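Visitor: Please take a close look at one part of this model. Where do the elements cross, pair and cover one another?

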Amino acid sequence: MPRLRKLPQEKRSSTVLAGTAAAEAAEAAVASDAAGTTTASAAPGAPGSPVPAEDPHGAAFFDCDNTIVQGAAIFYLGRGLYKRKFFSHRELLRFAWQQAYFRLHGAEHAGHMADAKESALSIVQGHRVEDLEQICEEIFEEYIAEKIWPGTRALVRMHLEAGQRVWLVTAAPQEAARVIAARLGMTGALGTVAEALGGVYTGRLVGETLHGPAKAEAVKALAAREGLDLARCAAYSDSANDIPMLSLVGHPYVINPDAELRRHAREQGWRVRDFRTGRKAARIGIPAAVGIGAAAGGTVAAVAMHRNRQR
């Protein structure tokens with residue numbers, strides 16, 4: 001069974017606040033995009049069409065780090081901010097070490113994630129939100145675009161072509177999360193919400209980092225607001241930290257798993273796919289949440305997986 005230990009009330013409140021804030025921010029961003037987009041010709045799941053007609057109660061939730069992106073998005077963000085002289089060479093070396101750990105071990109380190117959060121908050125304090133949004137666009141092109149796993153991109157497209165909403169769920173700042181989601185054609189993104197007053201960062205978070213149980217709270221909050229049936233939804237992740245989120249949905253899938261999640265997936269009968277090495281793993285196929293109408297999208301995913309097996 002998932003290790004869902006009961007959180008202290010104070011921690012629980014902070015976790016729920018983080019999840020609720022992420023859901024509210026994600027909905028607001030999608031509504032803002034839709035208001036500025038001509039929706040008549042928009043494809044299902046594309047910006048400007050946040051509510052696909054084919055499956056209004058189904059959705060897919062994708063973790064970011066090592067699920068969609070090779071490595072951790074927040075560390076690429078740190079590298080880009082260093083390039084723009086937001087912080088020192090010594091801090092860059094710390095980011096580099098944390099990224100190397102992540103790539104070598106294929107797992108998140110709680111201490112590194114907390115350190116990255118504190119560093120990021122101190123770095124952006126006093127800066128304008130609109131400036132960071134622009135920088136995140138640039139950093140995607142510089143570092144992240146070439147790090148997207150083709151197999152996971154195909155899965156995202158599969159859900160979109162099935163007429164489902166597709167959401168990115170990540171501990172990375174919501175500004176960076178939105179850029180990644182938009183570039184992949186996703187509906188929107190749930191990310192860590194940094195407090196801002198008058199369009200300027202205060203150096204505090206709303207709740208806590210969207211990590212572990214906070215991701216599950218964000219998914220629950222968004223599902224309630226969007227009228228989603230979690231039993232019809234799918235979720236994808238690489239990390240045991242996301243067992244709470246994976247356990248929420250009717251169709252959990254494991255991508256590039258760390259050792260603990262691989263063991264848990266085997267115990268629970270969850271399907272696994274590893275895009276890192278090409279080694280044998282249980283095929284994901286077409287998630288049951290997508291249904292028969294996903295034939296076109298399923299073909300795309302099948303082709304991507306076939307190519308991966310041929311490498």
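Guide: Start with two helices: α2 and α5 are roughly perpendicular to each other, a label for angles of 65 to 115 degrees. This is a predicted model, in which local features need pLDDT of at least 70 and side-chain atom pairs count only at pLDDT 80 or more, while totals for chains, interfaces and linings use all residues. Residues are numbered from 1 along each chain as its sequence is written, and side-chain values use heavy atoms, with hydrogens and water left out.

Helix α2 covers residues 73-83, and α5 covers residues 129-144. Their axes come within 9 Å and cross at roughly 110°. Axes are lines fitted to C-alpha atoms, for helices over the stretch in contact; angles run from 0 to 180 degrees between N-to-C directions. Helices (H or I, at least four residues) and strands (E, at least two) are DSSP runs, numbered from the N terminus.

From α2, the contact (heavy atoms within 4.5 Å) takes in Tyr 76, Leu 77, Arg 79, Gly 80, Leu 81 and Lys 83. From α5 come Leu 132, Ile 135, Cys 136, Ile 139, Glu 142, Tyr 143 and Ile 144. By class, that contact has nine nonpolar, one polar and three charged residues. Here Ala, Val, Leu, Ile, Met, Phe, Trp, Tyr, Cys and Pro count as nonpolar, Asp, Glu, Lys and Arg as charged, and the others, Gly among them, as polar.

Now the sheet. Six strands form an open sheet in the order β3-β2-β1-β6-β7-β8, with parallel pairing; two strands pair if DSSP finds at least two bridges between them. The edges are β3 (188-192) and β8 (271-273), each pairing on one side only. From one strand to the next, the twist averages 20°.

Look at β6, residues 234-237. Three bridges join β1 (residues 59-63) to β6. Ala 60 is partnered by Ala 234, and Phe 61 stands opposite Ala 235. Four bridges join β6 to β7 (residues 251-255), again running parallel. There, Tyr 236 has Tyr 253 as its bridge partner.

Both faces of β6 are covered. Ala 234 and Tyr 236 lie on one side, Ala 235 and Ser 237 on the other, and all are buried, meaning under 20% relative accessible area (1.4 Å probe, protein chains only). In a regular strand, side chains alternate between the two faces of the sheet.

Helix α6 (residues 150-161) lies across β1, β2 (165-173), β6 and β7, at about 160° to β1. Helix α7 (residues 174-183) lies across β2 and β3, at about 145° to β2.

Key. Parallel < 35°, antiparallel > 145°, perpendicular 65-115°, else oblique. Buried < 20%, exposed > 50% of the residue type's maximum accessible area, 1.4 Å probe, protein only.
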